[in-house]
Amino acid sequence: MTVVRTARTGAAHRVAALAEQVVGGPLPVRLRAWDGSETGPAKAPVVVVRSRRALRRLLWQPGELGLARAYVTGELDVEGDLAEGLRAVWAAVREGGLRAPRPTAAGRVAAVGAALRLGAVGPRPAPPVSEARLSGGLHTRARDRAAVSHHYDLSNDFYRLLLDDTMAYSCGYWAGDEPGFTAADAQRAKLELVCRKLGLAPGARLLDIGCGWGSLTLHAAERHRARVTAVTLAREQAAFVRERVRERGLDEQVEVVCQDYRDIRGGAYDAVAAIEMGEHVGDAEYPGFAAALHRLVRPRGRVLVQQMSRGRVAPGGGAFIEAYIAPDMHMRPVGETVELLERAGLEVRSVESMREHYVRTVAAWHRTLEERWNEAVALVGAETARVWRLYLVGGALAFEEGRMGVDQILGVRPSREGGAGLPGTPADWYAGLDRP
């Protein structure tokens, strides 16, 4: 028979007391420790500390990264709905005044003492194998290729499992609210909206920078008869897109190139698209990226950037995102991105927020992951599957609460005389998008 220790005598109480000292207030979750003891609000989400090793990780790496490492290894878990657990924590930070763990010297001494009493002191645990390990100078070509490969070369089969049949790995456009309007319909609506904003006509030359698994490339070539140059740094993606191009008989219309955007030569494209690629460029490098967009498009040609944004207090992706999902990424407020594009000579003509659309998009990916959990684990392993669960749940919550956004920014390179070649109104952009 298992004996459940009381909150006052078990490990859970001592862990909670230490955590409350660090964050400056009562925890908004219930704790259950490895010895079966529990403490905290009865109806709150339950955080399960499965082993002393989880505490050791937090001792060596306090804050978001230590928590993420403990979660992805399974040493720490959330019982029930992970989203509700994270939502409770963010609400406590926002409304209850909890602070991020930044232990003082005295606090560290107290933490070590508590860890000693709990039997959790030991050598620094090795980072989980799913954590990115990059070397070299920030945003050098070699490091950028490694960063992109870490995320996008994970497994084409895994992304095929997670995504819908469009293989679009970016925010969808939920143009319809009918029950039959699916995530795939939202992606097709987004792809069509991008093509309309870019004004693609048969024979138009489109440069798709950061083409992913080819969703925009294929849509533009098939639906609008455009000639497309698709560029990606991820070799697995490039191979996948080339195969889809061959299968659909589009070899004469589509060229797939595996290279860095800084190495793209030529220009005079009628349209340039960068769909959720700009986050990987880097802060110091973004003016050069914007200048490349201007150089590559012809006068009166259009540029569409769909890009995530974040507030000033956390301009990057956060410790977990940067360690496990998108190393070296950088996001900024949307207004700053608009300013950088305009400084490069592009005239910004439309900015459309899609933040709520991303809540629904990420929620659809998360449902698929949970429904096909065993298949996902078989493809990438339990640890990486837990990385993705945490990533998708946390991402949806960040968009839901407005801590992150995503926007479509349409610019044009004016002619020398100031001509833009855009229609007087954007009414035709949206007609019929709600019909799959």
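Reply: Gladly! Let us begin with a contact: Y286, P287, A290 and L293 of α11 meet T337, L340 and L341 of α13, where contact means heavy atoms within 4.5 Å. These residues divide into 6 nonpolar, 1 polar and no charged. Here Ala, Val, Leu, Ile, Met, Phe, Trp, Tyr, Cys and Pro count as nonpolar, Asp, Glu, Lys and Arg as charged, and the others, Gly among them, as polar. This is a predicted model, in which local features need pLDDT of at least 70 and side-chain atom pairs count only at pLDDT 80 or more, while totals for chains, interfaces and linings use all residues. Residues are numbered from 1 along each chain as its sequence is written, and side-chain values use heavy atoms, with hydrogens and water left out.

Me: What makes α11 oblique to α13?

Reply: The axes of α11 (residues 286–296) and α13 (residues 334–343) come within 8 Å and cross at roughly 55 degrees. Axes are lines fitted to C-alpha atoms, for helices over the stretch in contact, and angles run from 0 to 180 degrees between N-to-C directions. Angles under 35 degrees count as roughly parallel, over 145 as roughly antiparallel, 65 to 115 as roughly perpendicular and the rest as oblique. The angle of roughly 55 degrees falls in the rest, so α11 is oblique to α13.

Me: Which hand does the crossing of α11 and α13 have?

Reply: The crossing of α11 and α13 is right-handed. A crossing is left-handed if the near helix is turned anticlockwise from the far one by less than a right angle, and right-handed if clockwise.

Me: Why is α14 called roughly antiparallel to α16?

Reply: The axes of α14 (residues 355–371) and α16 (residues 382–400) come within 8 Å and cross at roughly 155 degrees. That angle is over 145, so α14 is roughly antiparallel to α16. α14 passes α16 in a left-handed crossing. Among the residues that meet are V362 and W365 in α14 and W388 and L392 in α16. The residues of this contact divide into 11 nonpolar, 1 polar and 4 charged.

Me: How do you know that α3 and α16 are oblique to each other?

Reply: α3 (residues 64–72) and α16 pack at an angle of about 130 degrees, with their axes 9 Å apart. This angle belongs to the rest, and α3 and α16 are therefore oblique to each other. The contact is made by A68, Y71 and V72 of α3 and E383, R386, V387, R389 and L390 of α16. These residues divide into 5 nonpolar, no polar and 3 charged.

Me: What makes β7 and β10 edge strands?

Reply: 7 strands form an open sheet in the order β7-β6-β5-β8-β9-β11-β10, and the pairing is mixed. Two strands pair if DSSP finds at least two bridges between them. β7 (254–258) and β10 (347–353) each have a single partner strand, so one side of each is left without a neighbour in the sheet. Inside the sheet, β5 (residues 205–209) and β8 (residues 269–275) pair in the parallel sense over 4 bridges. In β8, A271 is the bridge partner of L206.

Me: How do you know that β3 and β4 pair?

Reply: β3 (residues 46–49) and β4 share 4 bridges, in the antiparallel sense, and the rule asks for at least two. For example, V47 has V78 in β4 as its bridge partner.

Me: How many helices and strands does the protein have?

Reply: The secondary structure comes to 17 helices and 11 strands. Helices (H or I, at least four residues) and strands (E, at least two) are DSSP runs, numbered from the N terminus.
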